[in-house]
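These are my notebook entries on one structure. I record what I looked up, in the order in which I looked.

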Amino acid sequence: MKKALFITLGVIVFLLVALAVAPFLFKDKIKAAIDEQLAKNINGKVWYDADRFSLTFFSNFPNLTVTVGGIGLVSNAEQFKGDTLFTADEFKLAVDVMSVISGDKINVKGVYLVKPYINTLVDTSGVMSWSTLTFPDTTAATPEDTSASTLSLKVEKWKITEGIIIYDDKSLATYAKFTNFNHEGSGDINADIYDLDTYTHIEKTYARYDGVTYLNNQTFDAKAVLNIDMKQSKYTFKDNQFAINDFKFGFDGFIGMPADSSMDFDIKFDVKETTFKNLLSLIPAVFTKDYDKIKTDGSLAFNGYYKGKMKDEQMPGFGVTLLVKDGSLQYPDLPSAIKNVNIDLNVDNKDGILDHIVIDLKKFHLDMGNMPLDARLHSVGLNPIDLDANLLTKINLAEVTQIFPVEGTTVKGLLAADIKAKGKYSDSLKLMPVVNGLFSIDNGYVKSAEFPLPLEQVFLTTSVVSPGDMVNTVIHLSRFQMLLDNEKFEATAKVKNLDNISYEATLKGIIDLAKMTKVYPIENTTLTGRIHADIATKGTMADIDAGNYQHTATSGTMTIDKLTYSATDFKQGASIDKARFSFTPDKMNIENMSGLAGKSDYAVNGYFANYMGYIFGGKDSTLKGVLNYSGKKLDVNEWMTEDETDAAPADTATSAMTVVEVPKNLDFVFNAKVNSVLYDNLDLQNFAGGVIVKNGILTLDDLNFLTLGGKFKMDASYNTQNMKDPRYTMNMDINQLAFKEAYKAFNSVKKLASVAKNIEGNMDLHLEAKGSLDQGMNPIYNTMNGGGTLNIPSASLQNSKVLDGLASVTKMKGLSPLELKNVKVNFEIKDGNVILEPFDVKAGDIKMNISGKNKLEGDMDYIVKMDVPTGALGVAAGDAISNLTGTKVSAPKNVKMDLNVTGTVDNPKVRLVGTSSAAGEENKPLTEKATEAAKTEIKNQLENNEDIKKAKAELEARQKEEEAKLKKQLEEEAKKKAKDIFKFK
């Protein structure tokens, strides 16, 4: 009995020790296997903290738990090169070991992500970043062996904690960001039909579509059970509740994905709670710390549907109904309330064609204290919009602060609006409804606790009148006035005939931006400076478009002093130390303007022409002008960052650039002269030249600068007329540029002339090239075409494996280093490949003629024709060449050899493809007989030559070493198979 107990205890101890030690024994092998598979299969840079890689059975016994810390992924794909797609503080995977051993179904007990950053990008052509992470399959397609496909995967649970999720879709102008994203779920995802049970909480939700923000830092909660039918690709909502802030709603219905690449929707949604207060929680200004104390009353109904097929341009129909009855709102400690809130809104679009949408706001009424506000809208379609609308209110602003809490701010004045519109509107069809509208502020007053002086005597009167056509429409700002610290600013404006705009406007007075932003703070923005304007203008768009500026009247000046601007989304900041503008009918003259843009100083003068046409005509009118710019330093790098608000955590890689569109409505000449321009890793000294912007093309004209010890002269263009295929041209001359510096600085040199890294010396280069850029502003090399000339006055090719390869085949010494004197190389670039015309170099008395091409991937294919005097040959080299050629080498004959150099600069392959030994005799291919003779002679030399004997001994020693390694490897594999129960690879 005692013996059995000891045996049992011994087995248990052994098992515990094995479980504890096994992960450590196999940890390095598993890590190496992971690294190998990542490198083979992921088109990106993957990193993780090796010290936080662990394996254990005990943290989730009896499951094996794999933990990886400090993990991240940066894309290498052309469209998203350098973009961080994923980081996580910790990734943890718990696997049922017995399921791995059985082999038919791997049971994943849990997948856990802690503080992940997940960044999904879609470029303008609709390509998603995650779809580019795998390498293209270049292997030939083979029939699928379905008999072997028995392995399945089951995931029981997953959890994400404190994540940041970003979706940035440039093809649909959609952006969403979820901060402090927490999610967990469970379900048998291996089953054909199963329930997916999930819970999600997001602390801050931001969503923007087509420039309009729909969610801005609202909280989001969701608890949902989704039934998934994999065979029918059908997803059905079961028990669920969603909430944005305190607004709770749920879904009923399904989403189907049939085999025809479409999506079928049949979804209804409805509110879970029917109080007016739930709707108010969607308003950020209301959903504050005092939200629970707000007194509310009234009922709410909110429901809708999304039904139909989505395929290509076809969209499902949708509808929304919102009803609020007898709503009221009163803040604690404030005497007045908003009462009698009644809303009856229906939006309906049954067939999914947006031009058929119907918006029917039958009623919108509320009383702010004793001040009513009424509105109504009925509209059909989008182009044209057939509308019938009105807005009527009169509000005493002093009473508003008795309803809404406005801490530290006093507001006075009377606001009135009375607007009616009925008829069809379409800018493109030149349709205008009948409009009678008046909006006014009378004797407005605003005082902030942040600034002791008020903004007062604010008067605004504006009207819109139209009998129902564009020609007779009049928009009139008859009065705008404000007084701040006894400094008055006034403006008037009048626009008539929207079909052929006639305008007149005046601006006069002083605006102190620092004082103004104290009264009206701008969130996350600092703005200071003084603007003094006295401008009057009058004319018609017809005269401006025709260039008849003599028929218009514009005059006046504007000065700016000590203006500064910075914001959270403009961290570089900018300032205008001093500027003066003068206005004439045809030009806005910049007499002088100086300041800082980020770290870069500037001084500018010049003019803008057609500025009135640009202001009124927008994209349909072209702004022309000339600017002369000078400065001591221009730091381009600080302006080349991607959306800072969307950036990955600071310790990850930075984002790559995206295509910047050149405006098509600019016709501009920009003359620059800067002492130093910092661009990427370059410092461009004495930078001077012209930049021309016209018709969506940016052209560099006669650009000159010094960098890397060389002198550059360049003409180039950047064309974004087709944003999906931006193109470039370049015509460049470079003098006295070091080869190695060029290799370090320019990716194109690394791609197309990687041999430059082994050349000591300078070059002169003339280069012409054109091609396309990817969406990351990188050259697409297989579209590059052009040519040029490379001149090498004096340089040396050193430590070159290509020269070592030539020496190895020919047995000649003295090839390295190869001195390059007065070498001229003409070349062509075709589809990204550099094709060299034949050129001559000498290595002592050895003449070489080189031609061929260097491929985009770095592969070489060169022919080196060598003309070697027999007197320059050593005994071994002469004998070896005699045997290779099948002809005895003897003075005074020259030996001519044709060698083919392939492979890459770092791994070249050299072979003899032709030879001759008589002066004037043409090179000929090696014959079979000559080859056999060479073999015999070389064999004799191998037996007698001391150097070769030594090499033979070294070869035999290496062979024995390899045999020992192989023997050890076979032993390890035998051990590995013995431990196959762990299934580790």
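I began with terms: two strands pair if DSSP finds at least two bridges between them. Strands (E, at least two residues) and helices (H or I, at least four) are DSSP runs, numbered from the N terminus.

**Entry 1: the source.** I noted that the model is predicted, with local features needing pLDDT of at least 70 and side-chain atom pairs counting only at pLDDT 80 or more, while totals for chains, interfaces and linings use all residues. Residues are numbered from 1 along each chain as its sequence is written, and side-chain values use heavy atoms, with hydrogens and water left out.

**Entry 2: strands β25 to β27.** I looked up β25 (residues 502–512) and found it joined by 11 bridges to β26 (residues 525–540), in an antiparallel arrangement. Within this pair, Leu507 has Ile535 of β26 as its bridge partner. β26 also pairs with β27 (residues 553–567), again antiparallel, over 13 bridges.

Entry 3: I then followed β28 (residues 570–583), which runs antiparallel to β29 (residues 587–597) and is joined to it by 9 bridges. Lys578 has its bridge partner, Ser594, in β29. The two strands form a hairpin with 3 residues between them. β29 and β30 (residues 600–609) are antiparallel and joined by 9 bridges, with Ile590 partnered by Gly606 of β30. They too form a hairpin, with 2 residues between the strands, and Gly598 in the turn has a positive phi of about 65°.

**Entry 4: the cores.** I needed two terms here. A nonpolar core is a set of buried Ala, Val, Leu, Ile, Met, Phe, Trp, Tyr and Cys residues joined through side-chain atoms within 4.5 Å. Buried means under 20% relative accessible area, exposed over 50%, and partly exposed in between (1.4 Å probe, protein chains only). Which residues have the most contacts inside the largest nonpolar core? They are Phe581 and Met866, in a core of 111 residues. A second, separate core has 58 residues, including Leu55 and Phe220.

**Entry 5: Thr198.** I found Thr198 in strand β9 (residues 193–209). Is Thr198 buried or exposed? It counts as buried because its relative accessibility is 16%. Contact means heavy atoms within 4.5 Å. Leaving aside neighbours within four places in sequence, Thr198 is in contact with His183, Glu184, Gly185, Ala222, Lys223 and Ala224.

Entry 6: On a 1 Å grid over the protein atoms alone, a cavity is a set of points where a 1.4 Å probe fits but cannot get out; lining residues have an atom within 4 Å of a point. Grid points are joined across faces, edges and corners, and a volume is the space filled by probe spheres set on the points. I counted 2 cavities of 30 Å³ or more. The largest cavity holds about 60 Å³ of space. Its lining includes Met482, Phe489, Ile510 and Lys515. The elements that give two or more residues to this lining are β23 (474–484), β24 (487–496), β25 and α5 (513–519). For the classes, Ala, Val, Leu, Ile, Met, Phe, Trp, Tyr, Cys and Pro count as nonpolar, Asp, Glu, Lys and Arg as charged, and the others, Gly among them, as polar. By class, the lining of the largest cavity has 7 nonpolar, no polar and 3 charged residues.

Definitions and conventions. On a 1 Å grid over the protein atoms alone, a cavity is a set of points where a 1.4 Å probe fits but cannot get out, and a pocket is an open set with protein on both sides within 12 Å along at least five of seven lines; lining residues have an atom within 4 Å of a point.
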